[in-house]
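Hi there,

Here is the structure I promised to pass on to you. Have a look at it first, and then read my notes below.

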Amino acid sequence: MVFTQGDFVSYTWPDLIYQAGQMARASFGRSYAVWMIGGGIMLYSVIMVIVVASMS
């Protein structure tokens, strides 16, 4: 069985999101945490689109 990087990310992503949410709530408060997590996901997505587009 081959375990790819994509498999690893899809397997660990829910735990990472949960942990990030817990850390953000403990540090900053509820509303700020939601914006930080959402903004981080959107920023990561935009960067990945740019990187993939530049590779082709």
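What percentage of the 56 residues in the chain do buried residues make up? The answer is 7%, where buried means under 20% relative accessible area, exposed means over 50%, and partly exposed lies in between (1.4 Å probe, protein chains only).

Before you go further, please keep in mind that this is a predicted model, in which local features need pLDDT of at least 70 and side-chain atom pairs count only at pLDDT 80 or more, while totals for chains, interfaces and linings use all residues. Residues are numbered from 1 along each chain as its sequence is written, and side-chain values use heavy atoms, with hydrogens and water left out.

**The overall picture**

You will find two helices and zero strands in the chain. Both terms refer to DSSP runs numbered from the N terminus: helices are H or I with at least four residues, and strands are E with at least two. The chain exposes about 5,000 Å², and carbon and sulfur atoms supply 71% of that area. Accessible areas come from the Shrake-Rupley method with a 1.4 Å probe; for residues, only the protein chains shown count as cover.

**A nonpolar patch**

On the surface there is a nonpolar patch with about 990 Å² of accessible area together, and its members include Phe3, Trp13, Tyr44 and Val52. Like charges are joined within 9 Å, and nonpolar side chains (Val, Leu, Ile, Met, Phe, Trp, Tyr) within 5 Å. The largest share of this patch, five residues, comes from α1. Val9, another member of the patch, sits in helix α1 and counts as partly exposed because its relative accessibility is 36%.

Trp35 belongs to helix α2 and is exposed, because its relative accessible area is 69%.

Leaving aside neighbours within four places in sequence, Ile37 is in contact (heavy atoms within 4.5 Å) with Ile17, Ala20 and Gly21.

Happy exploring!

Methods:
Patch = residues over 30% accessible without salt bridge, like charges linked within 9 Å, V, L, I, M, F, W, Y side chains within 5 Å. Salt bridge = Lys/Arg side-chain N within 4 Å of Asp/Glu carboxyl O.
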